[in-house]
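User: I have a chain open here and would like to go through it with you. Could you take me through the fold, and then a few residues?

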Amino acid sequence: MIADVARLPRFLRLLAPLAWRGRQTIARKLMGFSHTEQGSALDMFRAAELTDDPRLRRLFYRHGLDEARHAQHFAKVAKEVGGPEANAGHYGRMHAIRQDLYERLGLVRFVAFVWLSESRAKAQFEALSEHFAAHDTDGLGDSLHHLFEEIGRDEHFHASYSKQLLDEWRKEG
């Protein structure tokens, strides 16, 4: 599974020119990201509510704020690209709900899930940032490059803090 994260950018670079073409397709994908980030924000806020550890509460709350901001950015750009009717359809909207991951997985498995998800998102957004820096798809290359670059920095922080927590807990036994 970890190897999948390492191979993801290469795979995305091959598929990006096919998958990210046409304004409506781009808008739909961006709205899908918006919904996913919105659902993630809800789960992070819930985890912040439930943990008794002040350090984890701060990290989870900051993470939730980042995810909510990402959702807003993706939705804004999607509407700029595809017009006010831009949407991700029913499948995309299904991801905009809280999944109660903290309650279902428990703390350690939840943080492991966060680390894996954020590591994948970081790799995906880095690859897409590079793609749009090199390809001005429908005149959107520069704005999409910067969007994915900015959000990718936050994903890097999320992957780093969750990995650090897992490493600390492993050392503690």
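Analyst: Buried residues, meaning those under 20% relative accessible area with a 1.4 Å probe and protein chains only (exposed is over 50%, and partly exposed is in between), make up 45% of the 173 residues in the protein chain. This is a predicted model, in which local features need pLDDT of at least 70 and side-chain atom pairs count only at pLDDT 80 or more, while totals for chains, interfaces and linings use all residues. Residues are numbered from 1 along each chain as its sequence is written, and side-chain values use heavy atoms, with hydrogens and water left out.

User: How many helices and strands are there in the protein chain?

Analyst: The protein chain has seven helices and zero strands, so that its pattern along the sequence reads α-α-α-α-α-α-α. Helices (H or I, at least four residues) and strands (E, at least two) are DSSP runs, numbered from the N terminus.

User: And what share of the contacts join residues at least 24 apart?

Analyst: Taking contact as heavy atoms within 4.5 Å, 80% of the contacts between residues at least 6 apart in sequence join residues at least 24 apart.

User: What does the accessible surface come to?

Analyst: By the Shrake-Rupley method with a 1.4 Å probe, where for residues only the protein chains shown count as cover, the accessible surface of the protein chain is about 9,500 Å², and 56% of that belongs to carbon and sulfur atoms.

User: Which residues touch the most other members in the largest nonpolar core?

Analyst: A nonpolar core is a set of buried Ala, Val, Leu, Ile, Met, Phe, Trp, Tyr and Cys residues joined through side-chain atoms within 4.5 Å. The largest one has 21 residues, and those touching the most other members are Trp 20, Leu 30, Phe 74, Phe 125, Leu 144 and Phe 148. Two or more residues of this core come from each of α2, α3 (54-82), α6 (107-134) and α7. Another core, of 15 residues, lies apart from it, and includes Ala 47, Ala 48, Tyr 102 and Phe 110.

User: What does Phe 74 touch?

Analyst: Not counting residues up to four places away in sequence, Phe 74 touches Leu 30, Phe 33, Ser 34, Glu 37, Phe 125, Leu 147, Phe 148 and Ile 151.

User: At what angle do α3 and α6 pack?

Analyst: Their angle is about 35°, and the axes of α3 and α6 are 14 Å apart; axes here are lines fitted to C-alpha atoms, for helices over the stretch in contact, and angles run from 0 to 180 degrees between N-to-C directions. The crossing of α3 and α6 is left-handed, a term used if the near helix is turned anticlockwise from the far one by less than a right angle, with right-handed used if clockwise. On the α3 side, Leu 56, Phe 60, His 63, Glu 67 and Phe 74 meet Leu 107, Phe 110, Val 111, Val 114, Glu 118 and Phe 125 of α6.

User: Switching to α7, how far does this helix reach from its first C-alpha to its last?

Analyst: Helix α7 (residues 141-172) has 32 residues and reaches 46 Å, close to the 46 Å expected at 1.5 Å a residue, where the expected span is 1.5 Å times one less than the number of residues. After α7 comes Gly 173, with a positive phi near 95°.

User: Where is Asp 100 found, and is Asp 100 buried or partly exposed?

Analyst: Asp 100 is in the loop between α4 (89-94) and α5 (101-105), and Asp 100 counts as partly exposed because its relative accessible area is 26%. Its phi is near 55°, a positive value in a residue other than glycine.

User: What about Ala 48, what does Ala 48 touch?

Analyst: Ala 48 is in helix α2 and counts as buried because its relative accessibility is 6%. Leaving out residues up to four places away in sequence, Ala 48 touches Arg 57, Phe 60 and Tyr 61, while the C-alpha atoms of Ala 48 and Arg 62, 14 residues apart along the chain, are separated by 9.1 Å.

User: Last one: which residues is Glu 103 in contact with?

Analyst: Glu 103 lies in helix α5 and, setting aside neighbours within four places in sequence, is in contact with Arg 46 and Leu 50. Glu 103 and Leu 50 are 53 residues apart in sequence and 8.5 Å apart from C-alpha to C-alpha. Glu 103 counts as partly exposed because its relative accessibility is 35%.
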